[in-house]
Amino acid sequence: MPTVVSVQGESPARAREAAEQLALEFGSYQDTVGLVLVVGETSAWLELDGVKVAAQFDSAAMQHRRKGGHNEMLGRAVGLKADQKPLIWDATGGLGRDAFILADLGCQVTLCERVPVLAWLLDQAVKAAAVSGTDQVREAAARMVVLAADSKTLRAPTDTVIYLDPMFPERKKAAAVKKEAAMLQHLADRVDDSASLWQWAWDQPVERIVVKRPLRAPILGHIRPAHTLKGKSVRFDVFTRRLEHSV
Ligand SMILES: C[S@@+](CC[C@H](N)C(=O)[O-])C[C@H]1O[C@@H](n2cnc3c(N)ncnc32)[C@H](O)[C@@H]1O
């Protein structure tokens, strides 16, 4: 578990509050080795061996991603149409990047994240985005809700589309992406629950489940997707079915 430290030269009040809320130790940046949650007055990130990971929706990287072709594919995968903005149940919140894209496309998104420190970062990022100077970022943030929980303990509402992006398996990747994935896996205790998560999703009363997978990874679960949308490095497997109204 990370130790919480404050940003040098800034008030430690928010960092101490985070440590208390997450029941984590509070330390000083200089004296702490290993994973730290660095909390400033208006910023927060996880840091391990010089690699920083943050949930931030107002960043240049996110602005860039909002304009990418990936978004169009993600939107199509969840069934987004000009007159149809599905409600999304993102069962693997992570750093909220896919969720933010979907919220930016007009969907109401509930994000569920089981690692408390990631759920905290997500919640802070949504709160920061809610007071962004950019109208579009504020509007997207207003469509996002964060739940700190294991998705498998909850029931997804009938009218939602379940979105799953389980932990990526180890693959050849750019060094920075690899380090970020390693940090997320470290936090999740390397527990890959994608198979049981899929089963949970299939047991929910929803008509559409979208699973993000590395392009060449095997299908999650035992059912063939209704269709697949392929990008350069990832694909979206789309599972659809009709449910009785009484469900
Ligand atoms: C690959 S990341 C998701 C990245 C996310 N789509 C994004 O755009 O930032 C997978 C995340 O799912 C979370 N996760 C895995 N199983 C979960 C579960 N059963 N309930 C909630 N979160 C889960 C992990 O802790 C991890 O943060």
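Me: How many of the five residues of strand 6 (residues 109-113) are buried?

Reply: A residue is called buried under 20% relative accessible area, exposed over 50%, and partly exposed in between, using a 1.4 Å probe and protein chains only. Helices (H or I, at least four residues) and strands (E, at least two) are DSSP runs, numbered from the N terminus. In strand 6, five of the five residues are buried. The model is predicted: local features need pLDDT of at least 70, side-chain atom pairs count only at pLDDT 80 or more, and totals for chains, interfaces and linings use all residues. Residues are numbered from 1 along each chain as its sequence is written, and side-chain values use heavy atoms, leaving out hydrogens and water.

Me: Which residues of strand 6 lie on one side, and which on the other?

Reply: Val109, Leu111 and Glu113 are on one side, with Thr110 and Cys112 on the other. Both faces are covered.

Me: Which strands are joined to strand 6 by bridges?

Reply: Strands of a sheet pair through backbone hydrogen bonds, either parallel or antiparallel. Here two strands count as paired if DSSP finds at least two bridges between them. Strand 5 (residues 87-90) is joined to strand 6 by three bridges, and the two run parallel. In that pair, Ile88 stands opposite Val109. Strand 7 (residues 144-148) is joined to strand 6 by five bridges, again in parallel. There Leu111 faces Val146, standing opposite it.

Me: In what order do the strands of the seven-stranded sheet lie?

Reply: The order is 7-6-5-8-9-11-10, in an open sheet with mixed pairing. Strand 7 and strand 10 (227-230) are at the edges with a single partner strand each, so one side of each has no neighbour in the sheet. From one strand to the next, the twist averages 20 degrees. For an antiparallel case, take strand 10 and strand 11 (residues 234-240), which are joined by four bridges. Thr228 stands opposite Asp237 in strand 11.

Me: Which strands does helix 5 touch as it packs on the sheet?

Reply: Angles run from 0 to 180 degrees between N-to-C directions, and axes are lines fitted to C-alpha atoms, for helices over the stretch in contact. Contact means heavy atoms within 4.5 Å. Helix 5 touches strand 6 and strand 7, and its direction makes about 160 degrees with that of strand 7. Helix 8 (residues 194-203) lies across strand 5, strand 8 (160-164), strand 9 (208-214) and strand 11, and runs at about 175 degrees to strand 8.

Me: What is the handedness of the unit made by strand 5, helix 4 and strand 6?

Reply: With the strands pointing away from the viewer, a crossover is right-handed if the path from the first strand over the helix to the second runs clockwise. Strand 5, helix 4 (residues 97-104) and strand 6 form a right-handed β-α-β unit. Helix 4 itself is mostly covered, with seven of its eight residues buried; Phe100, Ile101 and Leu102 are among them. For contrast, look at strand 1 (residues 3-6), which is joined to strand 2 by four bridges in parallel. Ser6 stands opposite Val39 in strand 2. The chain passes from strand 1 through helix 1 to strand 2 in a left-handed β-α-β crossover.

Me: Which residues touch the most other members of the largest nonpolar core?

Reply: A nonpolar core is a set of buried Ala, Val, Leu, Ile, Met, Phe, Trp, Tyr and Cys residues joined through side-chain atoms within 4.5 Å. The largest has 54 residues, and Leu37 and Leu46 touch the most other members. Helix 5 (residues 116-130) gives the most to this core, eight residues. Domain bounds come from an automatic or database domain assignment. Domain 1 (3-42) and domain 2 (60-240) both contribute residues, so the core lies between them. Apart from this core lies another, of 14 residues, including Trp89 and Trp198.

Me: What is phi of Ala23, and where is this residue found?

Reply: Most residues other than glycine have a negative phi. Phi of Ala23 is near 55 degrees, a positive value. Ala23 is in the loop between helix 1 (13-22) and strand 2 (36-39), and is exposed, with a relative accessible area of 70%. Asp49 also has a positive phi, near 50 degrees. Its loop runs between strand 3 (44-48) and strand 4 (51-53).

Me: Is Ser151 buried or exposed?

Reply: Ser151 is buried, with a relative accessible area of 3%. Ser151 lies in the loop between strand 7 and strand 8. Not counting residues up to four places away in sequence, Ser151 touches Ala91, Cys112, Leu197 and Trp200.
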